[in-house]
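Subject: Structure handover and findings

Dear colleague,

Please find below the structure that I am handing over to you. My notes on helix packing, pockets and cavities follow it.

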Amino acid sequence: MMAWWESLSELARSTAVSTLWIIVVTVVLILSVAYLTLWERKLIGWMQVRRGPNRVRIFGFLPGMGQPFADVIKLLIKEIVVPSASNKVLFRIAPAITLIPAFAIWAVVPIAPGFAIANVDAGLLYVLSLTSVGVYGVILAGWASNSKYAFLGAMRSAAQIVAYEIAMGFALVGVLMASNSLNLGVVIEKQAGGFLSWNWFWLFPLFVVYFISGVAETNRAPFDVAEGESEIVAGFHVEYSGIGFALFFLAEYANMILIAALTAVFFFGGWQSPLNGYVAADSSLFQIPLLGPLLNDGTHWLAFKLFLFLCLFLWLRATFPRYRYDQIMRLGWKALIPVTIVWIFVEMLMAHYKIGPWSP
């Protein structure tokens with residue numbers, strides 16, 4: 001086996017390794033999305049003093065842990081209804097257009113020190129471009145359904161995402177100014193030095209704007225007017241059933257995981273330990289069998305930060321009522337965008353006087 005592997009060209013070996021990592025990351029993401037739906041129902045249930053799913057087991061063990069698989073089986077065996085007056089081609093491919101960018105962006109996300117599936121220098125532009133593509137699936141779903149309710153939900157979503165995409169883009173301009181690089185790995189490395197050296201400290205307003213924009217981009221409560229069931233039945237996916245309906249929610253939860261991961265990368269040091277710079281490299285703490293590896297930089301820190309931001313997503317849903325559409329647009333255009341513009345000018349002053357990330 002080793003002789004066969006050595007006989008392959010360098011291109012073939014690198015392609016095989018990349019393909020293997022793509023499969024691993026995709027499988028982990030799909031399982032994470034499945035169990036995020038369960039965690040949402042359990043966490044919000046605890047907040048509301050109820051149990052959440054606790055019946056479906058895995059091989060008779062772990063009550064509730066089989067619920068995501070039961071939901072998938074239920075949706076897979078349901079009939080897929082395609083409206084007779086719809087554009088059948090666009091109707092069928094719209095869920096895929098929404099889902100694929102949420103998975104493809106992970107190609108440039110550094111998931112370990114010095115490792116990303118594609119370590120490209122224009123990673124930030126790649127992220128911005130693909131996060132903008134996802135909205136086309138929502139718009140196509142609403143238009144292709146040939147339903148007034150679906151089309152209204154799609155137009156709401158388009159206007160909302162345009163507003164918050166601009167705010168998100170300006171927030172990332174601030175990150176670019178602080179790191180002086182479009183490479184996400186370099187963005188993380190520039191935050192070395194511990195908890196107070198991460199971008200959140202110097203770019204706190206941009207962090208708040210980015211996270212709020214991420215919640216709005218994913219159509220999550222309290223910004224879920226694109227799916228306003230009390231006003232427009234169910235919004236852009238009202239005509240979808242079975243697995244087509246499931247793919248939209250798979251995309252929504254995949255985007256939640258993505259936004260949480262990107263928030264950790266851009267503002268909270270990615271895979272860096274919060275103790276980096278505060279605990280000496282030769283400290284005896286690193287010699288403790290179980291604790292030592294956890295204190296080092298690594299994927300576990302990225303996963304921990306990602307988990308915290310996902311809990312914040314769910315906390316927002318359990319806490320805030322749905323905003324009116326005019327309130328959402330006013331927040332995007334008249335509050336978030338001006339905040340980012342002002343803070344970019346503040347960054348210019350910090351860069352001029354060598355403060356924070358620009359200090360020698």
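In which hand, left-handed or right-handed, does α9 pass α11 in their crossing? The crossing of α9 past α11 is right-handed. Please note that the model is a predicted one.

Helix packing

Helix α9 covers residues 204–217 and helix α11 covers residues 242–267. Their axes come within 10 Å and cross at roughly 170°. Angles over 145 degrees count as roughly antiparallel, and α9 and α11 are therefore roughly antiparallel to each other. On the α9 side, the contact involves L206, F207, Y210, F211 and G214, which meet I259, L262, T263, F266 and F267 of α11. By class, the residues of this contact comprise eight nonpolar, two polar and no charged.

The crossing of α4 past α5 is left-handed. From α4, the contact draws on L90, F91, A94, I97, T98, P101 and A104; the residues contributed by α5 include Y126, L130, V133, G134 and W143. In the contact of α4 with α5 there are 15 nonpolar, three polar and no charged residues.

Pockets

The largest pocket has a volume of about 1,000 Å³. Its lining consists of 38 residues, and those nearest its centre are T37, L75, F249, L250 and Y253. At least two lining residues come from each of α2 (10–47), α3 (67–76), α11 and α13 (299–319). The lining of the largest pocket is made up of 21 nonpolar, four polar and 13 charged residues.

For the second largest pocket, the volume is about 470 Å³. The second largest pocket is lined by 18 residues, with V28, L29, S32, A303 and L306 closest to its centre. Both α2 and α13 supply at least two residues each to this lining, and the largest share, nine residues, comes from α2. The lining of the second largest pocket has 16 nonpolar, two polar and no charged residues.

Cavities

The count of cavities of 30 Å³ or more comes to two. The largest cavity holds about 290 Å³ of space. It is lined by 24 residues, of which T98, G134, E217, T218 and N255 lie nearest its centre. T98 of α4 and G134 of α5 also belong to the contact between those two helices. The helices α4 (88–104), α5 (123–144), α6 (148–179) and α11 each give at least two residues to the lining of the largest cavity, and α11 gives the most, with seven. By class, this lining divides into 14 nonpolar, seven polar and three charged residues.

The second largest cavity contains about 30 Å³ of space. Its lining residues are V108, P110, A116, A118, N119, V120, N183, L184 and G185. Of these, six are nonpolar, three are polar and none is charged.

With kind regards

Terms used. Residues numbered from 1 in each chain as written. Predicted model: local features only at pLDDT ≥ 70, side-chain atom pairs only at ≥ 80, totals over all residues. Heavy atoms only, no water. Axes fitted to C-alpha atoms, helices over the stretch in contact; angles between N-to-C directions. Helix = DSSP H or I, 4+ residues; strand = E, 2+ residues; numbered from the N terminus. Parallel < 35°, antiparallel > 145°, perpendicular 65-115°, else oblique. Left-handed = near helix turned anticlockwise from the far one by under 90°. Contact = heavy atoms within 4.5 Å. Nonpolar A, V, L, I, M, F, W, Y, C, P; charged D, E, K, R; others polar. 1 Å grid on protein atoms, 1.4 Å probe; cavity = no way out; pocket = protein on both sides within 12 Å on 5 of 7 lines; lining within 4 Å. Points joined across faces, edges and corners; volume = space filled by probe spheres on them.
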